[in-house]
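Subject: Structure for your review

Dear colleague,

Please find below the structure that I am handing over to you.

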Amino acid sequence: MSERSQLQTGRTAAHDSAFLRACRREPVPHTPVWFMRQAGRSLPEYRKVREGTAMLESCMRPDLVTEITLQPVRRHNVDAAIFFSDIVVPLKAIGIDLDIKPGVGPVVAQPIRSRADLERLRPLDADDVKYVTEAIGMLTAELGTTPLIGFAGAPFTLASYLVEGGPSRNHEHTKALMYGDPELWADLLDRLADITAAFLKVQIEAGASAVQLFDSWVGALAPADYRRSVMPASAKVFDAVADYGVPRIHFGVGTGELLGLMGEAGADVVGVDWRIPMDEAARRVGPGKALQGNLDPAVLFAGHEAVETKAREVLDAAEKLEGHVFNLGHGVLPTTDPDALTRLVAYVHEQTAR
């Protein structure tokens, strides 16, 4: 059976994994666990394999992507791997002049501020990211029954980097464009939605079992602005991959006031940061969705007993959810002790064994 046929029937090697069952709100043998940024600077083996290789180059080398993606699965026994990439990879692939500067993040040489600038955002073709297809093929062969989560940045967050020219605390240029020229803003997000959807399709067709859309900066918006100016583009992305039947996860930081809308945009699983309890998040999202989260990443620095206490609080708050994927409320911090993550996975598995 071809990979596409398997996707259409929903029957891949990972179909009955705890992670995918939780995403589908089905009974699980234990609460599944994975971590955002689980393959990253907290792992000494990651730092070693990345030595002398720039971030974007790492994302474009199938051998490195495969090794880095597998590292936390081997070390931590997590229930899912997440494809090692960066949200700006599809933008780089279509020719946007950008780089990821250490200690800064993505930096765009010529920010997009005018209608003429839109012409630089051409459609993404699968041939632009052949290295993604190759890496996922290598990964699924290695992972077997462990699911692989595909990865992309959401239109608003990509737009913020493109308009600001890099990371921003206040998103003043982004918001000025959104409020001041809503038609140009809508066209910008629509193009980014098409690029993002194409990037996710490549990953799903290569073998990803689920996809997560990261809207890292969308918590900067009020709900009314999100509904009017962002949600249509996010919904377009989710709609574009709906027919594949893979779970679609939506995550943002500081999005407590947006959780219901983020689910409404089309996610099957809504990611929750650490700022509100999981039971309250479930109330805001409403029925019919699984939730993911939400231990504060800083708790991992507090010692084993404190980690277990706070993890227990998350599990208790999530006890009556329709589906729960345990995760941090944001990414693993670079100086986290990897052993703390390994112990946390074991603790969640033991405490929730059914």
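The notes that follow cover the pockets and then the cysteines.

Please bear in mind that this is a predicted model.

The largest pocket holds about 1,200 Å³ of space. Its lining is made up of 39 residues, and R37, R41, M55, D86 and I100 are the ones that lie nearest the centre. By class, the lining of the largest pocket comprises 22 nonpolar, ten polar and seven charged residues. Three elements, α3 (44-50), β2 (98-101) and β3 (105-108), each contribute at least two residues to this lining. Of the elements, α3 gives the most, with three residues.

The second largest pocket contains about 270 Å³ of space. It is lined by 17 residues, with T31, A318, E319, H324 and R354 lying nearest its centre. Two or more residues of this lining come from each of α15 (304-317) and α16 (338-352). The lining of the second largest pocket divides into six nonpolar, five polar and six charged residues.

As to the cysteines, the structure has zero disulfides. C23 counts as buried because its relative accessibility is 4%, and the cut-off for buried is under 20%. C59 is likewise buried, since its relative accessible area is 2%.

I would ask you to start with the lining of the largest pocket, where R37, R41, M55, D86 and I100 lie nearest the centre.

With kind regards

Technical notes
Residues numbered from 1 in each chain as written. Predicted model: local features only at pLDDT ≥ 70, side-chain atom pairs only at ≥ 80, totals over all residues. Heavy atoms only, no water. 1 Å grid on protein atoms, 1.4 Å probe; cavity = no way out; pocket = protein on both sides within 12 Å on 5 of 7 lines; lining within 4 Å. Points joined across faces, edges and corners; volume = space filled by probe spheres on them. Helix = DSSP H or I, 4+ residues; strand = E, 2+ residues; numbered from the N terminus. Nonpolar A, V, L, I, M, F, W, Y, C, P; charged D, E, K, R; others polar. Disulfide = S-S within 2.5 Å. Buried < 20%, exposed > 50% of the residue type's maximum accessible area, 1.4 Å probe, protein only.
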